[in-house]
Amino acid sequence: MLNKFGPSGLGEAQVQYLDGDFRVTSPGTYVKCAVTGVQIPLDELKYWSVDLKEAYASPAAVLQRHFPAALKG
């Protein structure tokens with residue numbers, strides 16, 4: 001397995017989301033936000049769900065995925 005500092009390929013990386021960290025399993029330069037579809041560079045990835053195995057571009061995207069009613073108020 002690769003870590004987030006290992007050799008990077010071009011395109012979307014495959015990532016295993018862990019508690020407090022992530023592991024790159026297939027090289028790439030980014031992952032896509034599960035809510036917005038925005039490309040998130042691996043060195044800027046801060047938000048993800050271990051249970052849902054998906055990344056988020058911002059705290060607002062996390063809220064939209066997990067608590068959609070919170071953004072409607």
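The entries below follow that order.

**Entry 1, ground rules.** I note that this is a predicted model, in which local features need pLDDT of at least 70 and side-chain atom pairs count only at pLDDT 80 or more, while totals for chains, interfaces and linings use all residues. Residues are numbered from 1 along each chain as its sequence is written, and side-chain values use heavy atoms, with hydrogens and water left out.

**Entry 2, the fold.** I looked up the secondary structure and found 2 helices and 6 strands, where helices (H or I, at least four residues) and strands (E, at least two) are DSSP runs numbered from the N terminus. Along the sequence the pattern reads β-β-β-β-β-β-α-α.

The largest nonpolar core has 14 residues, and Val15, Tyr17, Phe22, Val31, Leu42 and Leu45 touch the most other members. Such a core is a set of buried Ala, Val, Leu, Ile, Met, Phe, Trp, Tyr and Cys residues joined through side-chain atoms within 4.5 Å. Which residues does Leu45 touch, not counting those up to four places away in sequence? I listed Tyr17, Phe22, Val31, Ile40, Ala55 and Tyr56.

I found 2 aromatic pairs, counting rings of Phe, Tyr and Trp (its six-membered ring) whose centres lie within 6.5 Å, with planes under 30 degrees apart called stacked, over 60 edge-to-face and the rest tilted. The centres of the Phe22 and Trp48 rings are 5.4 Å apart and their planes stand at 85 degrees, so this pair is edge-to-face. The pair links distant parts of the chain, with Phe22 in strand 2 (residues 21–26) and Trp48 in strand 5, 26 residues apart. Phe22 counts as buried, at 5% relative accessibility, and ring pairs link Tyr17, Phe22 and Trp48 into a cluster.

My search gave 1 salt bridge, the term meaning a side-chain nitrogen of Lys or Arg within 4 Å of a carboxyl oxygen of Asp or Glu. The side chains that meet in it are those of Arg65 and Glu54, at 2.7 Å from N to O. Arg65 sits in helix 1 and Glu54 in strand 6 (residues 54–56), 11 residues apart, and the pair links distant parts of the chain. Are the two partners buried or exposed? Arg65 is partly exposed at 35% relative accessible area, whereas Glu54 is buried at 15%.

The chain exposes about 4900 Å², of which carbon and sulfur atoms supply 51%; accessible areas come from the Shrake-Rupley method with a 1.4 Å probe, and for residues only the protein chains shown count as cover. Leu63, Phe67 and Leu71 make a nonpolar surface patch of about 290 Å². Phe67, in the loop between helix 1 (59–66) and helix 2 (68–72), is exposed with a relative accessible area of 53%. Patches are made of residues with over 30% relative accessible area and no salt bridge, like charges being joined within 9 Å and nonpolar side chains (Val, Leu, Ile, Met, Phe, Trp, Tyr) within 5 Å.

Note on methods
Buried means under 20% relative accessible area, exposed over 50%, partly exposed in between (1.4 Å probe, protein chains only). Contact means heavy atoms within 4.5 Å.
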